[in-house]
Amino acid sequence: MSNSRGSASRFTVRAGAAFTLVELLVVIGIIAVLVGILLPALGKAKQRAQTVSCQSNLHQIFIAARSYAAENRDSLPFGMIFAKTNPTNGRPATNDPSYITWFGSLDRYMTKGAVDAVPLDGASRYYDGATKRIFSKAFRCPTVDPSFNQKITYYNHGVAMPHMPMELNPRLDVAQRVYGPAKFTQLHPDNALFWDTPVWIDAAPDVPSLFWLGPPNQTSAGYTLACAEIDDEQISNPMAPELRYRGPSSDRFAQSTSILNRPDGPISWPTDEFLESLGYGALPANADTAGDFGIWNFAFGGPRWRHNGNQAVNVAFADGSIRALNIGKRIVKVRGIPYYDVEFRRSMLMLKWPNNQKDSGSIPTG
């Protein structure tokens with residue numbers, strides 16, 4: 001019994017024992033320091049996880065593109081074409097306004113029971129391609145704020161996967177038009193196929209992607225999913241076919257006085273400071289946007305550098321690799337306008353020279 005009492009007495013707490021104010025402050029200070037150390041690390045870990053998840057999305061999209069090609073003679077899907085198309089202007093040929101897009105076609109390999117054609121059954125229909133169709137979650141980057149309704153947060157290469165209402169636009173030189181998707185054999189391994197793109201705060205819940213470029217044939221109703229203006233319209237409305245393809249005279253073309261035209265140059269991406277200097281409410285180009293000014297033309301369907309602290313864009317390439325390309329800090333000037341020397345290079349957009357194209361014989365200088 002005495003041993004039992006003696007053992008118990010060793011664990012008796014002294015009456016009145018408590019932390020002093022100084023001890024509490026020390027503990028609180030230690031916790032605050034630990035939180036200060038851990039929060040940035042946790043933030044970076046979350047960003048890294050989102051980047052990896054986004055790259056996984058793009059990998060799934062690429063695998064779907066390969067699956068599509070395996071069933072379609074090595075061909076990529078159309079970027080956008082109406083299900084029943086007028087071959088002269090690319091507009092809908094009947095009262096059936098459903099359309100086929102790269103994401104609709106690839107969704108067949110990602111969502112059970114999905115088909116190519118996307119019905120225009122949403123509230124706003126032609127204006128923004130509104131559809132109640134639900135697409136695979138892989139088409140939405142996990143970094144995008146949930147308050148944005150846009151269903152598809154990636155964009156496609158508009159020459160490898162052409163947008164026919166734009167390609168048949170009377171304003172585009174007939175000799176430079178594309179009449180069908182490219183085959184994988186017509187791509188260079190480092191051709192960019194899909195990438196992060198800006199999203200629009202005013203998009204309704206039924207909106208799949210950016211449809212806000214007006215109809216190329218103004219006599220016909222309906223808007224279109226436009227070719228990306230990722231390089232200031234040089235692949236969507238080229239001055240010469242060499243702006244879409246790595247030409248047979250690449251050395252001559254590389255002599256352009258504008259670095260934005262040269263294969264080794266960056267895509268067009270003006271600095272935020274330049275946009276701010278315009279003085280009429282210019283939005284930053286690298287943003288998911290709101291307000292009356294919307295998305296700048298070179299950012300429409302272009303890259304959204306939303307990873308690594310708004311400094312990197314994830315890109316799926318023709319060889320199946322998924323890479324993050326950075327903005328970088330170096331500035332180049334063209335006609336007095338400062339551009340970021342981004343890692344997204346013009347050559348990544350230039351496909352192999354096709355048999356139906358004729359060398360322009362010119363050196364673009366603009």
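Ground rule for burial before anything else: I call a residue buried under 20% relative accessible area, exposed over 50% and partly exposed in between, with a 1.4 Å probe and protein chains only. By that rule Asp232 is partly exposed, because its relative accessible area is 32%.

Housekeeping: this is a predicted model, so local features need pLDDT of at least 70 and side-chain atom pairs count only at pLDDT 80 or more, while totals for chains, interfaces and linings use all residues. Residues are numbered from 1 along each chain as its sequence is written, and side-chain values use heavy atoms, with hydrogens and water left out.

**Overview**

I looked up the secondary structure and got six helices and 11 strands for the protein chain. These are DSSP runs numbered from the N terminus: helices are H or I with at least four residues, strands are E with at least two. Of the 366 residues in the chain, 50% are buried.

Next I checked contacts, meaning heavy atoms within 4.5 Å. Among those between residues at least 6 apart in sequence, 68% join residues at least 24 apart. The accessible surface comes to about 17,300 Å², and 57% of that belongs to carbon and sulfur atoms. Areas are from the Shrake-Rupley method with a 1.4 Å probe; for residues, only the protein chains shown count as cover.

**Nonpolar cores**

My criterion for a core is a set of buried Ala, Val, Leu, Ile, Met, Phe, Trp, Tyr and Cys residues joined through side-chain atoms within 4.5 Å. The largest one has 71 residues, and Trp102, Leu106, Trp195 and Phe344 are among those with the most contacts inside it. Elements giving two or more residues to this core include helix H2 (21-71), helix H3 (102-107) and strand S5 (192-196). H2 gives the most, with eight residues.

Not counting residues up to four places away in sequence, Phe344 touches, among others, Trp195, Ile230, Pro266, Trp305 and Leu349. There is also a second, separate core of five residues, including Ile259 and Tyr339.

I checked Ile30, which is found in helix H2. Ile30 counts as partly exposed because its relative accessible area is 48%.

**Salt bridges**

I count one when a side-chain nitrogen of Lys or Arg is within 4 Å of a carboxyl oxygen of Asp or Glu. The structure holds 13 of them. Arg133 and Asp107 meet at 3.1 Å, N to O. The pair links distant parts of the chain: Arg133 is in the loop between strand S3 (117-118) and S4, Asp107 is in helix H3, and they are 26 residues apart. Both Arg133 and Asp107 are buried.

Asp231 and Arg346 meet at 2.8 Å, N to O. Asp231 lies in the loop between S5 and strand S6 (245-246) and Arg346 in the loop between strand S10 (337-340) and strand S11 (351-352), so the pair ties together parts that are 115 residues apart in sequence. Asp231 is at 0% relative accessibility, so it counts as buried. Arg346 is also buried, at 0%.

**Asn191**

Is Asn191 buried or exposed? It counts as buried because its relative accessibility is 0%. Asn191 lies in the loop between helix H4 (164-167) and S5. Its side chain reaches the backbone nitrogen of His188 at 2.7 Å. Leaving aside neighbours within four places in sequence, Asn191 is in contact with residues including Arg246, Phe317, Ser347 and Met350.

**Positive phi**

Most residues other than glycine have a negative phi. Asp232 has a positive phi of about 60° although it is not a glycine, and lies in the loop between S5 and S6. Asn310 has a positive phi of about 65°, again without being a glycine. Asn310 is in the loop between H6 and S7 and counts as partly exposed because its relative accessible area is 35%.

Key: A polar contact is a pair of N or O atoms within 3.5 Å; within protein, one must be able to donate a hydrogen and the other to accept it, and residues adjacent in sequence count only if both atoms are side-chain atoms.
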